[in-house]
Amino acid sequence: MSGSEIGSYLASSAAVAASLAERPGAAAVERAARLVAGALAGGGQVLFCGNGGSAADAQHLAAELVGRLALERPAYRAVALTTDTSVLTAVGNDYGYADVFARQVQGLGRPGDVLVAISTSGRSENVLRAAAAARAAGMAVVAFLGPAASPLDDTAEVVLHVGGDIAGLVQQGHITIGHALCGWVEAELAGAPAGDVKRPGT
């Protein structure tokens, strides 16, 4: 990649970030955050799933809720379904890779919980099956998607589409709206004064 190509990529990344205020927009991210906060406030949990870079995003956002993003507060119940290699390989071997997340949703999910389903294409079969299993279990579904229409548009309560013509740009948008969601949830549930905001490394 040449210097000019790097510059073009960075400009495209900035354009995707700037577009998030319009699509999905702050109101849609807040609707998703309200679902998550409601589940946590009611003693429920948030499950995250995705493949590849979206798996990394699932782990990242679960860590923000269990640990902290900006406020010192109690830990919140959040689980990335991408991290237990024994479960992933056992289910993949016994049932097939398409069920690696759905099986965990069936075992861990309860009515009132939330599944955050992350897919840049919106068509990953294991993510679609996880969303269907979540709805069957009485859970809410929030979908982080790319720009194209997806079967998850009809399954999820809140759908957050992000622009971008390659997966990497979409994933950058996903982590940005994910941080915004986690920050809203943290502020809503913690109710901490501004002086309790922690800076990185403190």
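Before I start on helix pairs, a reminder to myself: an axis here is a line fitted to C-alpha atoms, for helices over the stretch in contact, and the angle runs from 0 to 180 degrees between N-to-C directions. Also for the record, this is a predicted model.

**Entry 1: α3 against α7**

I looked up α3 (53–66) and α7 (167–190) to begin with. The axes of α3 and α7 lie 10 Å apart, at an angle of about 15°. Angles under 35 degrees count as roughly parallel, so α3 and α7 go down as roughly parallel to each other. The crossing of α3 past α7 is right-handed.

I then listed who touches whom. On the α3 side I have Gly53, Ser54, Asp57, His60, Leu61, Glu64 and Leu65, and they meet Gln171, His174, Ile175, Gly178, His179, Cys182 and Val185 of α7. Sorted by class, this contact comes out as 5 nonpolar, 7 polar and 2 charged residues.

**Entry 2: α2 against α7**

At what angle do α2 and α7 cross? I get roughly 50°, with the axes coming within 8 Å. That angle makes α2 and α7 oblique to each other. α2 passes α7 in a right-handed crossing.

From α2, the contact takes Pro24, Val29, Glu30, Ala32, Ala33, Arg34, Val36, Ala37, Leu40 and Ala41; from α7, it takes Ile177, Ala180, Leu181, Trp184, Val185, Glu188 and Leu189. The class count for α2 with α7 is 14 nonpolar, no polar and 3 charged.

The peptide bond from Arg23 to Pro24 is cis, with omega near 15°. I flagged it because most peptide bonds are trans.

**Entry 3: α1 against α7**

One more partner for α7. Helix α1 (residues 3–19) packs on α7 at an angle of about 40°, axes 9 Å apart. That is why I log α1 as oblique to α7. This crossing is right-handed. Tyr9, Ser12, Ser13 and Val16 of α1 make the contact with Gly168, Leu169, Gln172 and Gly173 of α7. By class I have 3 nonpolar, 5 polar and no charged residues for α1 with α7.

**Entry 4: the cores**

The largest has 35 residues, and Phe48, Phe144, Leu160 and Leu181 have the most contacts inside it. Elements giving two or more residues to this core include α2, α3 and α7, along with strands such as β1 (46–49), β3 (114–119) and β4 (140–145). Which element gives the largest share? The answer is α2, with 8 residues.

Apart from its neighbours within four places in sequence, Leu181 is in contact with Val29, Ala32, Ala33, Val36 and Phe144.

There is also a second, separate core of 23 residues, with Leu81, Val91, Val100 and Leu152 among its members.

**Entry 5: Leu88**

I went on to Leu88, in helix α4. Buried means under 20% relative accessible area, so at 19% Leu88 counts as buried. Not counting residues up to four places away in sequence, Leu88 touches Leu81, Thr82, Thr83, Val100, Phe101 and Gln104. I also took a distance to Gly168: 80 residues apart along the chain, the two C-alpha atoms are separated by 24 Å.

Is Tyr95 buried, partly exposed or exposed? Tyr95 is partly exposed, at a relative accessible area of 49%. I found it in the loop between α4 (85–94) and α5 (102–108).

I have Gly96 as partly exposed, at 22%. Gly96 and Asn126 are 30 residues apart in sequence, and their C-alpha atoms are 9.4 Å apart in space.

That took me to Asn126 in helix α6 (residues 125–136). Asn126 is buried, with a relative accessible area of 3%. Beyond its neighbours within four places in sequence, Asn126 is in contact with Asn51, Tyr97, Ala98, Val100 and Phe101.

Conventions: Residues numbered from 1 in each chain as written. Predicted model: local features only at pLDDT ≥ 70, side-chain atom pairs only at ≥ 80, totals over all residues. Heavy atoms only, no water. Core = buried A, V, L, I, M, F, W, Y, C linked by side-chain atoms within 4.5 Å. Buried < 20%, exposed > 50% of the residue type's maximum accessible area, 1.4 Å probe, protein only. Helix = DSSP H or I, 4+ residues; strand = E, 2+ residues; numbered from the N terminus. Contact = heavy atoms within 4.5 Å. Parallel < 35°, antiparallel > 145°, perpendicular 65-115°, else oblique. Left-handed = near helix turned anticlockwise from the far one by under 90°. Nonpolar A, V, L, I, M, F, W, Y, C, P; charged D, E, K, R; others polar.
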